[in-house]
Structures are given as C-alpha cells and as structure tokens.
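Subject: Model handover

Hello,

Here is the model for you to look over. My notes on what was found follow below it.

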Amino acid sequence: MFGIVEVGSLGDYSFVIIVTKNHRGEYLYSKKTENDTWEFQGGHIEKQETPYEAAIRELKEEAGITSSSIIPIADCFTDEKDTHNEINSMCTKVRNGMVFLVEIKDNPIVYNLCMEMDEVKWFESLPEKLTYPELTKCLYKMTKIQKEES
C-alpha cells in the first residue's frame, strides 16, 4: 500500500524519491542489481540528514548528477513488512518519504556510483519491469500532468 499527499504534511521522513526529467520529456531510471527492475533514484535518509540533503546525495550516488534545482513536490507513505519485529513477522511498518522533482535542461551523461544499481538510463515512457510498479506509475503520471499544466 502507498499514498501520496501534499508536500510537508507527513514529517518523520525515512526515505526520498527523486523523479528526474530532461528537456525532451524523458525520465531517468536506475536498474536494481538484485532483481533486474527499474526505479526512480532515491533511498534512505541518513541520521542528521534532511530530506533535501538525502535527495542531493542519492541523485549523485545513483546517477552521477549534481543539481541544485531539486524541488520537493509531494510526500508519500508506504507500508512494508517489519523484518525487525521478532514477535510477529507479519507486522507492517508505515514509512514516510519525500518526493523531489529535478528537471534537467541539457542531457548529461549519467553514470552509477553505487553497487546497488546496474545501469542508469533515460526512457521516453515507463520501463516494463518496475521495482515499485504502482508508486512509480503514479509519480510518473503526476509529474507528466504537472508539466502539461505549466
């Protein structure tokens, strides 16, 4: 389960997602090493790190892009199995995240600096195999609509 709400409304953030678009309307995805699926850049927020700082770091680690034009566009929440709960392994834990949008005017060469990802690539539409299908499709549509309205 996931949900997307107004930016700044959740707090207690544990992860970030960065939706990156170029001037041709292509989206940047990273392919996960462990399961051969595509996803937007993002990850966990480190201790003493703000969501904005985490987004800058993750974008650089996973795509080699340094950009100061990272704009928060939404908050989201997900639930996942709580693997640290020894009493009840069926428990779920709700995690809050912040979603950022990066619009790149040129088409930089992207490269991967972390071991979690195999490849980074621009796509004109959604890739076939997605790590988080429902959430990725929703963010893709949301950022497409925002661009068309502006």
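Two strands pair if DSSP finds at least two bridges between them. Helices (H or I, at least four residues) and strands (E, at least two) are DSSP runs, numbered from the N terminus. This is a predicted model, in which local features need pLDDT of at least 70, side-chain atom pairs count only at pLDDT 80 or more, and totals for chains, interfaces and linings use all residues. Residues are numbered from 1 along each chain as its sequence is written, and side-chain values use heavy atoms, with hydrogens and water left out.

Overall layout

The protein chain has two helices and eight strands. In sequence order the pattern is β-β-β-β-β-α-β-β-β-α. Of its 150 residues, 45% count as buried. Buried means under 20% relative accessible area, exposed over 50%, and partly exposed in between (1.4 Å probe, protein chains only). Contact means heavy atoms within 4.5 Å. Among contacts in the chain with a separation of 6 or more, 70% are between residues 24 or more positions apart.

Strand E3

Start with E3, residues 27-32. Six of its six residues are buried, so the strand is largely enclosed by the rest of the structure. Tyr27, Tyr29 and Lys31 point one way from E3. Leu28, Ser30 and Lys32 point the other way. E3 has these two partners:

- Strand E8 (residues 117-123) pairs with E3 in the antiparallel sense, over six bridges. Leu28 stands opposite Trp122 there.
- Strand E4 (residues 38-39) pairs with E3 in the antiparallel sense, over two bridges. Lys31 has Trp38 as its bridge partner in E4.

E3 and E4 form a hairpin with five residues between them. In the turn, Asp36 has a positive phi of about 55°.

Met98

Met98 sits in strand E7 (residues 92-104). Its relative accessibility is 11%, so Met98 counts as buried. Which residues is Met98 in contact with, leaving aside its neighbours within four places in sequence? They are Val7, Tyr13, Phe15, Val16, Ile17, Pro51, Pro72, Ala74 and Asp75.

Largest pocket

A pocket is found on a 1 Å grid over the protein atoms alone: a 1.4 Å probe fits at its points, and it is an open set with protein on both sides within 12 Å along at least five of seven lines. Lining residues have an atom within 4 Å of a point. A volume is the space filled by probe spheres set on the points. The largest pocket holds about 750 Å³ of space. It is lined by 32 residues, and the closest to its centre are Phe15, Glu39, Gly43, Arg95 and Tyr132. Strand E2 (13-22), strand E5 (41-44), helix H1 (51-63), strand E6 (70-81) and helix H2 (133-149) each give two or more residues to the lining. By class, the lining has 11 nonpolar, eight polar and 13 charged residues. Here Ala, Val, Leu, Ile, Met, Phe, Trp, Tyr, Cys and Pro count as nonpolar, Asp, Glu, Lys and Arg as charged, and the others, Gly among them, as polar.

Cysteines

Cys76 is buried, at 0% relative accessibility. Cys138 is partly exposed, at 31%.

Best wishes
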